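Subject: Structure handover and findings

Dear colleague,

Please find the structure below, followed by an account of what was found in it. I would be grateful if you read the two side by side.

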Amino acid sequence: MVGSGALGCEFLKNVALMGVSCGDGGKLTITDDDVIEKSNLSRQFLFRDWNIGQAKSTVAATAASFINRRLNIEALQNRASPESESVFDDTFWENLSVVINALDNVSARLYIDQRCLYFQRALLESGTLGAKCNTQMVIPHLTENYGASRDPPEKQAPMCTLHSFPHNIHHCLTWARSEFEGLLEKTPTEVNVYLKKPSEYISAMKQAGDAQARDTLERVLECLDSDKCDTFQDCITWARLKFEDYFANRVKQLTYTFPEDAATNNGARFWSAPKRFPRPLEFSNQDLSHINFVMAGAILRAEAFGIPIPNWAKSSEKFAEAVDKVMVPDFLPKNNVRIVTDEAATSLATASMDDADVINELVMKLEACREKLAPGYKMNPIQFEKDDDTNYHMELVTGLANMRARNYSIPEVDKLKAKLIAGKIIPAIATSTAMATGLVCLELYKVIDGSHKIEDYRNTFANLALPLFSMAEPVPTKVIKYQDMSWSVWDRWILKGSPTLRELLQWLKNKGLNAYSISFGSCLLFNSMFPKHKERMDKKMVDLVKDVAKFELPPYRSHFDVVIACEDDEDNDVDIPQVSVYYE
């Protein structure tokens with residue numbers, strides 16, 4: 001079982017009550033690298049408040065053992081990913097009967113799907129989204145795999161709408177979250193990458209030589225030069241000037257470039273719905289929302305630069321006095337400023353003929369800044385965390401969104417509503433979780449029995465809010481037929497005995513296939529067009545992988561996989577399964 005969150009807790013309760021893995025030869029392995037947070041307690045029923053901070057899998061396994069003392073369960077804290085294949089090795093996968101996914105992200109689902117496909121293990125997949133839930137049965141040699149069909153991507157607001165023309169609070173919060181990550185996570189990370197390996201970093205930027213590389217270097221230079229903070233007062237100055245830049249200067253520039261009576265090329269009003277004409281904000285230390293924004297910005301900036309935060313910094317009155325000391329320069333709008341209005345644009349960075357020259361100039365300035373830094377200097381990137389009420393992350397995101405909303409006369413939101421939208425939280429409903437896991441466990445009986453046909457299994461989609469309940473047979477896997485053989489995506493051809501290249505080619509020849517290309521990863525081990533490759537004929541395949549591909553085979557593996565391009569005797573290409581070559 002992969003995951004022990006909302007779905008995982010329900011699954012564990014169900015399998016414990018069903019008596020799964022309670023016999024002498026039975027064993028349930030559950031893994032999850034996450035720890036219990038306060039927000040989990042409302043829907044993950046095996047956890048209690050005294051478990052906060054403990055490993056989810058361990059606590060859930062202990063709770064399930066109390067439900068059924070005979071349950072043979074092992075809890076691991078490993079993320080199921082390529083990095084943990086030394087733990088979840090070939091022997092582990094080959095000893096499994098069935099895999100139950102209790103995951104909350106597509107990338108992890110796709111990885112587990114590929115492993116189940118590779119080792120030909122049944123996968124019981126499910127997911128919930130508010131009142132909606134779905135289940136999918138992935139049965140070896142019968143059904144298509146999880147990754148065979150994908151949902152269409154979510155529709156996102158155009159970049160120009162988010163940056164210049166928002167017309168609802170979702171746009172403001174999406175922009176706020178993006179700015180938070182850019183200022184406090186991505187740019188400090190770029191700074192650290194540059195400082196760790198400056199020559200390699202600069203070489204990569206020069207090689208890219210595009211508008212994005214120029215934009216990245218400008219942000220890194222700002223962080224180490226004009227926006228570098230050495231004291232907490234510097235952080236206050238930075239946050240106060242950010243307020244002026246975001247909510248006054250940018251709006252003044254936008255309305256200067258596109259006045260209220262501006263028209264498009266075809267004569268229509270530029271500021272027509274859904275666009276809203278913005279108004280600049282004037283900072284006031286009497287407005288608590290202004291002070292709270294600058295306070296959150298200054299505290300997080302200090303954290304990023306490793307600057308101690310004084311005790312008075314969290315007092316609104318004393319903080320307002322410190323903000324009054326900041327000198328704010330007057331703003332003069334510029335002519336010929338390009339503001340992106342194209343909804344199809346994917347980047348705000350505009351390419352220029354002299355990007356390479358600008359990059360060279362930025363590099364020279366960066367090198368000069370680096371020489372002034374103390375040895376071992378580095379920043380502290382801040383990763384957005386919505387669930388900690390003391391870290392000022394949501395204060396800054398809410399402040400950014402609400403000040404922007406105020407610019408555009410959009411209704412503002414409180415911190416809780418902002419957390420739901422910015423954190424992309426869809427309230428979990430315990431009944432949809434219970435329904436999904438119950439339906440999967442009914443299918444689990446069929447998988448364990450092992451004698452069922454595809455028409456016996458059911459995939460389900462349900463929406464409790466409508467209500468809608470839709471059940472259907474799984475989609476059968478596509479079968480490829482060649483001569484008297486047939487195979488599907490589930491098949492993997494296995495060749496044992498540590499063969500030579502010649503033996504591998506002859507093995508395929510015996511199947512009526514002529515191999516003209518063999519590759520391992522991105523490395524070409526054999527191609528019939530290259531005469532020198534014929535010198536490799538009597539070399540063992542394992543030696544070719546080590547010597548040609550320069551790949552060090554891990555000790556927990558006894559085989560490697562090659563991709564082979566084949567054709568029949570009439571020179572027609574034939575798609576064959578992946579071939580696993582065993583060398584031990």
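By class, how many nonpolar, polar and charged residues are in the lining of the second largest cavity? There are 4 nonpolar, 1 polar and 2 charged residues, where Ala, Val, Leu, Ile, Met, Phe, Trp, Tyr, Cys and Pro count as nonpolar, Asp, Glu, Lys and Arg as charged, and the others, Gly among them, as polar.

This is a predicted model, in which local features need pLDDT of at least 70, side-chain atom pairs count only at pLDDT 80 or more, and totals for chains, interfaces and linings use all residues. Residues are numbered from 1 along each chain as its sequence is written, and side-chain values use heavy atoms, with hydrogens and water left out.

Cavities

On a 1 Å grid over the protein atoms alone, a cavity is a set of points where a 1.4 Å probe fits but cannot get out, and a pocket is an open set with protein on both sides within 12 Å along at least five of seven lines; lining residues have an atom within 4 Å of a point. Grid points are joined across faces, edges and corners, and a volume is the space filled by probe spheres set on the points.

The count is 2 cavities of 30 Å³ or more. The volume of the largest cavity is about 50 Å³. Its lining consists of Leu183, Trp238, Ala239, Lys242, Tyr246, Phe293, Gly297, Leu396 and Leu400. Two or more of these residues come from each of helix H9 (232-257), helix H10 (288-305) and helix H13 (393-407); helices (H or I, at least four residues) and strands (E, at least two) are DSSP runs, numbered from the N terminus. H9 provides the largest share of this lining, 4 residues. By class, the lining of the largest cavity has 7 nonpolar, 1 polar and 1 charged residues.

The second largest cavity has a volume of about 30 Å³. Ala6, Glu10, Arg43, Phe45, Ala430, Thr433 and Ala434 line the second largest cavity. Helix H1 (6-18) and H15 each give two or more residues to this lining, and H15 gives the most, with 3 residues.

Second largest pocket

The second largest pocket holds about 600 Å³ of space. Among its 26 lining residues, Lys27, Leu28, Leu96, Ser97 and Val98 are the closest to its centre. Strand S1 (28-31), helix H3 (90-94), strand S3 (98-100), helix H4 (106-119) and helix H15 (430-449) each give two or more residues to the lining of the second largest pocket. That lining has 17 nonpolar, 7 polar and 2 charged residues.

Strand S6 and its partners

Of the 5 residues in strand S6 (residues 459-463), 4 are buried (under 20% relative accessible area, with exposed over 50% and partly exposed in between, for a 1.4 Å probe and protein chains only). S6 pairs with strand S5 (residues 132-138) in the antiparallel sense over 4 bridges; two strands pair if DSSP finds at least two bridges between them. In this pairing, asparagine 134 has phenylalanine 461 of S6 as its bridge partner. S6 and strand S7 (residues 468-472) run antiparallel and are joined by 5 bridges, with alanine 462 partnered by phenylalanine 469 in S7. A hairpin through 4 residues joins S6 to S7.

Yours sincerely
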